[in-house]
Amino acid sequence: MSTEDTILHRPAAPDYEGKQEYNIIVYAENRIGLLNRIAIIFSKRKINIESLNTSPSEIEGIHRFNILITESYEVVRKLSRQIEKQVEVLKAYFVTNDEVIWQELALYKVSTEEITEKVTVERLLRQYGASAVVIRKDYTVFAVTGHKEETDALVKALEPYDLIEFVRSARVAIIKDSAGFHEKLKEFKAVEPGEDLVENEFLEKGDKIFTM
C-alpha cells in the first residue's frame, strides 16, 4: 500500500517517563458488556479515566471509543494492548493531544434576568462564542464548544452573574494525520470467524510510520 494510503502516527518517544494526556482510540463491535470490561482494565490498575466518549464510527456496526487518561507512554502502550485482547475490539490506538483535533461541548444555564439587565453578561457570552439553546423567562441555556480551558474560563467569568448550572460533555477527537479508518475496518469486517487477527502491530513501531 502506498504512503498516500497510510495513517501517519508519531507517538511519544518510548523512553518518555513523565505523565501526559493520552487519547486511547478504540474501534470495536457494539456488544453489550464491552464498555464494562474496558473500564475494569483501568480500575484494576487504579488508573482514572478523565473522559470517555462512545459513538458510532464511519462503519455500520462499529463503534468508536475515545478514552482520555493522564499516564506515561509505557503504561498507555500496555493498556492499549490489553484492550485489544478483548474479542470485540478491532483496533486500539493511542495518541497525544498534539496529534488530534478535539473539542468538548459545554452547557450553561444562566438567569435570563441577569442577561437582560446586565450588558456585561451578554458581552461575555459573545466573547466566548456562546449560542442560545433554550430561552425561558426564568433562565437561558447557552452552548459553547472548545477545549476544557476555554469552557472552564467561562464558568469562572459567569460565577458572579448567577450561573445556575454547568455541564460538559466527554471529549471527541479526530487524529490529524489520519487518512481514515474505514478501509481498515472493512478488512476486519471481512475476516471469516476463526481467522487470526494480527495483534496490534503498530504499538511498538516507535517513530516509524505505520500503514493501514
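Helices (H or I, at least four residues) and strands (E, at least two) are DSSP runs here, numbered from the N terminus. With that in hand, R81 is found in helix α2. R81 is partly exposed, with a relative accessible area of 29%; buried means under 20%, exposed over 50%, and partly exposed in between (1.4 Å probe, protein chains only). R81 and A92 are 11 residues apart in sequence, and their C-alpha atoms lie 7.5 Å apart in space.

A word on the ground rules. This is a predicted model, where local features need pLDDT of at least 70 and side-chain atom pairs count only at pLDDT 80 or more, while totals for chains, interfaces and linings use all residues. Residues are numbered from 1 along each chain as its sequence is written, and side-chain values use heavy atoms, with hydrogens and water left out.

Now for the aromatics. The structure holds three aromatic pairs. Rings of Phe, Tyr and Trp (its six-membered ring) pair if their centres lie within 6.5 Å; planes under 30 degrees apart count as stacked, over 60 as edge-to-face and the rest as tilted. Y22 and F94 make an edge-to-face pair, at 6.1 Å centre to centre with 65 degrees between the planes. That pair links distant parts of the chain, with Y22 in strand β1 (residues 20-29) and F94 in strand β4 (residues 89-96), 72 residues apart. Y22 is buried at 1% relative accessible area, and F94 counts as buried at 1% too. Y73 and F94 also pair edge-to-face, at 5.5 Å centre to centre and 70 degrees between the planes. Y73 lies in helix α2 (residues 73-84) and F94 in strand β4, so this pair ties together parts that are 21 residues apart in sequence. Both Y73 and F94 are buried. Put together, the ring pairs link Y22, Y73 and F94 into a cluster.

A charge sits over a ring if NZ of Lys or CZ of Arg is within 6 Å of the ring centre and within 35 degrees of the ring normal. K109 lies over the face of Y139, 4.5 Å from the ring centre, and R171 lies over the face of W102, at 3.5 Å.

N53 is buried, with a relative accessible area of 18%. Leaving aside neighbours within four places in sequence, N53 is in contact (heavy atoms within 4.5 Å) with R64, F65, N66, A170, R171 and V172.

Y139 gives a way over to I115, in helix α3 (residues 112-117): the C-alpha atoms of I115 and Y139 are separated by 9.1 Å, at 24 residues apart along the chain. I115 is buried, at 13% relative accessible area. Not counting residues up to four places away in sequence, I115 touches V110, V121, L125, T140 and F142.

Last stop, the surface. L105, L107, V133, V134 and V167 make a nonpolar surface patch of about 370 Å². Patches are made of residues with over 30% relative accessible area and no salt bridge, with like charges joined within 9 Å and nonpolar side chains (Val, Leu, Ile, Met, Phe, Trp, Tyr) within 5 Å. Accessible areas come from the Shrake-Rupley method with a 1.4 Å probe, and for residues only the protein chains shown count as cover. A salt bridge is a side-chain nitrogen of Lys or Arg within 4 Å of a carboxyl oxygen of Asp or Glu. Strands β5 (100-111) and β6 (131-135) each supply at least two residues of the patch. L107 sits in strand β5 and is partly exposed, at 31% relative accessible area.
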